[in-house]
Amino acid sequence: MNLQTKKHLLDIDCYSKEEIFQILNDSKIMMEILNRKVKKIPTLRGKTIVTLFYEPSTRTRISFEQAAKILNADVINISIKESSSNKGESLLNTVLTIQSIKADIIIIRHPHSGAPYFLAKNSEVPIINAGDGSHAHPTQSLLDLYTIQNNLGKIENINIVMVGDILYSRVARSNILAFSKLGANITLCGPNTLIPHEFLSNNHLYKNIKFEPSLKKAVKNADVIMPLRIQLERQSTGHLPNLQEYSKQWCITSHIVSISKQDVKILHPGPMNEGIEISSDVAHGPKSLISEQVTNGVAVRMALLYSMLNTEPNMNLEE
């Protein structure tokens, strides 16, 4: 399947169900390359990829950089503190400058929801949204889908429980779209003040979703439990009484895991607040796929860059 017609990736709903599965299938091939002794293929030789992160990032930025370098692309990482934006240059002018140096793709993270959409309308360079405000994080969704499919063999009809800060989580919004599109059953759990009611409406985008405030009830039949980071920087608005109270009711502990299915899997998009939304023994325990998610993120982003930038009809896998 040819995904090269997809100029931008702004959210997961840019892709159809079939196109998502094509990315996941390509990711398996990329994982084989990632596991080689020499991790280098010439697929994107001569391409220039620019990462433009206005917010801190470890996993997303370095996995994109690693993915691009394995595919033999040139990577330019722009430090915002050292760029002209620190002198007052607008986001648009920064991107137009990147466009002028003939970059082939721009990967942007920005604190304002909608910033990648604005750039997509005003730039000739393809844009990948690496996280915009509390709106979307599509590549995280792709790697979460890949991780689940790789471990459970499917996504359709599995029971996924997402716990915590749904309201401010861009990961939650993109994952809910993705899981729903691929037929999973989704349970949202957490304080009522952190559960957007739009996800519980009859909107055709959000199917098979329910809200369960009791964590013990929510995880009873879970195949996957995904706690979300409590975004401490946003909790001055009174949505939580305090973190101690939150942890007492909604932290994923070994006791909570024991209530669920024996083969339940634990995912977390990171970074983790251990002891608040997830206990250390669960985060690093045998049911955790959290480290695997990070590795999978490289393979999935390799597949994505390949699909958007490769101009050859067949994938060149030679070292």
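## The nonpolar cores

Of the 63 residues in the largest nonpolar core, the ones touching the most other members are Met162, Ile166, Phe179, Leu188 and Leu305. A nonpolar core here is a set of buried Ala, Val, Leu, Ile, Met, Phe, Trp, Tyr and Cys residues joined through side-chain atoms within 4.5 Å. Helix 11 gives the most to this core, with 10 residues. Apart from it lies another core, of 23 residues, including Ile276, Ile278, Ala283 and Ile290.

Please keep in mind that this is a predicted model: local features need pLDDT of at least 70, side-chain atom pairs count only at pLDDT 80 or more, and totals for chains, interfaces and linings use all residues. Residues are numbered from 1 along each chain as its sequence is written, and side-chain values use heavy atoms, with hydrogens and water left out.

Let's look at one member of the largest core. Phe179 is in contact (heavy atoms within 4.5 Å) with Leu145, Ile148, Ile160, Met162, Ala184, Ile186 and Met226, not counting residues up to four places away in sequence.

Five strands make an open sheet with parallel pairing, in the order 7-6-5-8-9. Strand 7 (209-211) and strand 9 (265-266) are at its edges, each with a single partner strand, so one side of each has no neighbour in the sheet. Helices (H or I, at least four residues) and strands (E, at least two) are DSSP runs, numbered from the N terminus, and two strands pair if DSSP finds at least two bridges between them.

Strand 5 (residues 159-163) is largely enclosed by the rest of the structure, because four of its five residues are buried. Buried means under 20% relative accessible area, exposed over 50%, and partly exposed in between, with a 1.4 Å probe and protein chains only. Five bridges link strand 5 to strand 6 in parallel, and Val163 stands opposite Cys189 in strand 6. Strand 6 (residues 185-189) also pairs in the parallel sense with strand 7, over three bridges; there, Leu188 is opposite Phe211.

## Two cysteines

Cys189 counts as buried because its relative accessibility is 0%. Cys14, at 25% relative accessibility, counts as partly exposed. A disulfide is defined as a pair of cysteine sulfur atoms within 2.5 Å, and by this rule the count is zero.

Strand 1 (residues 48-53) runs parallel to strand 2 and is joined to it by six bridges. Within this pair, Thr48 stands opposite Asp74.

Helix 1 (residues 17-34) has 18 residues and reaches 25 Å from its first C-alpha to its last, close to the expected 26 Å. The expected span is 1.5 Å times one less than the number of residues. Among its buried residues are Glu19, Ile20, Asp26, Met30 and Leu34. Their cover includes helix 2 (59-70), helix 5 (138-152), helix 6 (170-181) and helix 11 (290-309).

Thr147 is found in helix 5 and counts as buried because its relative accessibility is 0%. Thr147 touches Leu267, Leu289, Glu292, Gln293 and Asn296, not counting residues up to four places away in sequence.
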